[in-house]
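Here is a guided walk through a structure that may be new to you. Please keep the sequence and the 3D view open as you read.

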Amino acid sequence: MGRGPANPEVKKKVLEYLAKVEKAKSRDVAVAIGEKKSDVDDAVKELTAEDLVEYLYITTTYICLKGKVKTPNS
Amino acid sequence: MTEKKTPLLDELEKGKWPSFVTEMKRAAVKSESAGELLQVLERSYVEHRGHWKHGGIVGVRGYGGGVIGRYVDEPETYPNVAEFHTVRINQPSGFFYNTKTLRTICDIWEKYGSRLTNMHGSTGDVILLGCKTEDIQPIFDEYSEAGFDLGGSGSCLRTTNCCVGPGRCEFACYDTLEACYNITNEFMDELHRPMWPYKSKIKFSGCANDCTGAIARSDISVIGTWRDSIQFDQAAVKEYAAKNFDIQGLVCDKCPTKCLTYNSQAQELSVVAEDCTRCMHCINMMPKAIKAGKEKGASILIGGKSTIVQSAFMSSVVVPFMKMEAESDFEEFKDLVRRIWDWWDENGKSRERLGELIYRVGMGKFLRECEIPAVPQQVFRPRANPYVFWQQDDLDKSGTALDGSKL
Amino acid sequence: MAKLDQGPPNYKEMLPPIIKENYGKWQYHEIPQPGVLKHVAESGAALYSVRVGSPRLVSIDFIRDICNLADQYCDGHLRFTTRNNVEFLVSDEAKLKALLETLSAQGYAVGGTGASISNIIHTQGWVHCHTPATDASGVVKAVMDDLYEYFESMKLPAKLKMGLACCLNMCGSTHCSDIGIVGVHRTPPRIDHEKLRKTTEIPTLVASCPTGAIRPDPKNKSVVVNEDKCMYCGNCYTMSPAMEIYDPRNDGIAILIGGKVSNARTAPSFSRMVIPFLPNNPPRWPEVTEAIRSIIELWIANAHKGERLGEWIERIGWEKFFSLSGLPFSEMLIDDYIFARETFRTAAGFKY
């Protein structure tokens, strides 16, 4: 993960990509949108703090748009 | 408080070992959820099965882990434990506490939770066992205010852990307490924001006795060692001899490399230092008389894990010796683990631990791409097959015979 | 608003003065009596640590009790060990005897030092885990009650470290323990297709299987399990209440022995399975406690002084261990997973 504020462009692209899929590993997001993984990680850090994206633990951790994936009991 | 009976669990209040059932009953005096937990558990004892479900997103804002969702499978029957989540609180290095800190942990948990805890979880955290979804954020807010932070869960750096180290052990070859604290604080993003193929663990043991089980239980195992010769206090050797301690039988004969010699006439020990593998046996047996060398540091081993998926792995040596004293030593360590994590993050499949990735793609590729030199200490013995993946760029690719003609 | 990323409490604030003064300057230690460690510093200062067993699953009342004791005898300082014992840190030797008397009067379990059995590292079991094949705390309680004499004394050939994991994900430290107690499921998950259709996102469920044994079944709007690939981990139940794996008639306990993590004398080693299955028989699991006691007594009777369980067995040979113990050997104990070959005997020399 890099340090410092995330690039707003990358944040936007992450949100756009996550709107198209159910959930994804952040590496797959980075590959799909053609950005560095560390920049995506920084973007996700801010997006989760802004309550737009959330982490989803399904034996490994994915990211998804907040509230998009329903798991049992959620 | 529930009045229901728990005849099977009551059996486990008998006997000399302290009883978890007694503890659950104590919690149940003031906690309805602990009382209901007893009912659920009694039922498990009757039916020989568990009654808990995982799942559901629970957490605190800004973090991707630290809370594990847990639900009972019959919420109508057991409404007080319908939601019964676990909160992981990052423990202080070496599990040292003052009573004020422990009481603060209790006081906050009393307000929201089941009054039940694990001191501690297998990875190291203080485990707060059983709270409702709506209380998770307030619980975190209060603990945060009181100076605590959450531990890890999910595909992140899990809570790091260390042995008692120089706080109370003469064997410690580096400051495990400070290394753990310093390095944990460096990797807050990695701990709280899961972004990797799977979990990654670091454990710090001060010597090769490995009291944290680092070699078996962590992806990155930092095990204290030294590079020069063990040191003797021959006067203390004589004290052991005077007490009829069997130096030859219990110490020298069990030395794995037979590098240690006892002169029973002079009652003195000597060592062939270059043959010593620093296993700790003689030091364990005669702590007053034998000490580690002066040039201390740590060996870095990687790849350890439990069984899922590709079998249990033991960590193996990648850096035989690294100084672990000054801040600059810690920086070198941090640089190394960053290179390793980046490589794993780049190449690892989902749910593939570091050791499994190295097993899949090869140690040679790992060492090359992480810029770690290959040294004989990394293996018990070299390969027995000739299947070297030659780096084609290093070879003469002119495609010509020795006389210069084209092949 | 919560402070993010402030990290764990600083250990320096937790250390008693005697430790701050002698930090990194400890010279040697001895064990004056079972359960008491005496660490002596270069300065001559002595710190006594009194080790007390805990059930790990404890109420805050227990924590407050030990805080009161620590205030009375240790100026408010104590710690826990990796194996979930409590250690009272006594810097005033005059208070040691009084602390030990109080602990004894109040029924605390003092011990777990040197050549003894220490507390059993364990998992949540039926108390809180979602895929347990057995209970954890109950089995540990039954085994520790049975072996209590070896906790409060130091009469074993060497130290004995045990671990319990309530399913074969092996979260407890069982894979490198002298004795590992492992809960085992033996049957694949049962699919409740109707429930699955109502409750479960199929891609999420398919993704949860570590071995890829679960495949979508679009025709049925459900999934199929390739039973040959299933290793009974229960991860699928994590994602779907329609994939129950518990099986009261077939779940139980396996015993693995001979592992260690220390490098002393011999390299760290994995525990090896010697009993593939024992039934769940709560509340006291008599088959398990008896099996473990028999193994320990055999070790006591045959090992050299200082030899850990696995070191003894490696010296005499596993085939000899089976003939001495009378434990039945079967093909279930021969590895058929990924690294099986390294356990096959590729030599013509062996014992009977």
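Helices (H or I, at least four residues) and strands (E, at least two) are DSSP runs, numbered from the N terminus. This is a predicted model, in which local features need pLDDT of at least 70, side-chain atom pairs count only at pLDDT 80 or more, and totals for chains, interfaces and linings use all residues. Residues are numbered from 1 along each chain as its sequence is written, chains are lettered from A and ligands numbered from 1 in the order in which they are written, and side-chain values use heavy atoms, with hydrogens and water left out.

Let us begin with chain B. Chain B holds 14 helices and 16 strands, and its C-alpha atoms fill a box of roughly 90 × 75 × 40 Å along the principal axes. Of the 407 residues in chain B, 61% are buried; buried means under 20% relative accessible area, exposed over 50%, and partly exposed in between, with a 1.4 Å probe and protein chains only. Contact means heavy atoms within 4.5 Å. Among contacts in chain B between residues at least 6 apart in sequence, 63% join residues at least 24 apart.

How is chain B divided into domains? The assignment gives domain 1 (7-145), domain 2 (161-219 + 301-398) and domain 3 (231-291), with bounds that come from an automatic or database domain assignment. The centres of domain 2 and domain 3 of chain B, taken over C-alpha atoms, are 32 Å apart. Where these two domains of chain B touch, five residues of domain 2 are in contact with six residues of domain 3.

Now look for the nonpolar cores. A nonpolar core is a set of buried Ala, Val, Leu, Ile, Met, Phe, Trp, Tyr and Cys residues joined through side-chain atoms within 4.5 Å. The largest one has 82 residues, and those with the most contacts inside it are B:F204, B:I220, B:V222, B:I300, B:F333 and B:F366. Helix 12 (residues 327-347) of chain B gives the largest share of this core, eight residues. Because domain 2 and domain 3 of chain B both give residues to this core, it lies between them. If you zoom in on B:I300 and leave aside residues up to four places away in sequence, you will find that it touches B:I220, B:S221, B:V222, B:S316, B:V317, B:V318, B:V319, B:M322, B:F333 and B:L336. A second, separate core has 67 residues, including C:L57, C:L164, C:I257 and C:I296.

A few backbone details deserve a stop. In chain B, the peptide bond from B:M119 to B:H120 is cis, with omega near 10°, and B:H120 sits in the loop between strand 6 (116-119) and strand 7 (126-129). Chain C has a cis peptide bond from C:P282 to C:P283, with omega near 5°; C:P283 belongs to the loop between strand 14 (272-279) and helix 9 (286-302) of chain C. B:D210 is a residue other than glycine with a positive phi, near 55°, and lies in the loop between strand 9 (202-205) and helix 8 (214-217) of chain B. Is B:D210 buried or exposed? With 1% relative accessibility, B:D210 counts as buried.

Next, turn to a pair of helices in chain C. The axes of helix 10 (residues 309-316) and helix 11 (residues 318-325) of chain C come within 6 Å and cross at roughly 105°. Axes are lines fitted to C-alpha atoms, for helices over the stretch in contact, and angles run from 0 to 180 degrees between N-to-C directions. Helix 10 and helix 11 of chain C are therefore roughly perpendicular to each other; angles under 35 degrees count as roughly parallel, over 145 as roughly antiparallel, 65 to 115 as roughly perpendicular and the rest as oblique. In chain C, C:W312, C:I313, C:E314 and C:I316 of helix 10 meet C:W318, C:K320, C:F321 and C:L324 of helix 11. Six of the eight residues of helix 10 of chain C are buried, so this helix is largely enclosed by the rest of the structure. Its cover includes strand 8 (179-184), strand 13, helix 9 and helix 11 of chain C. Just after helix 10 of chain C, C:G317 takes a positive phi of about 100°.
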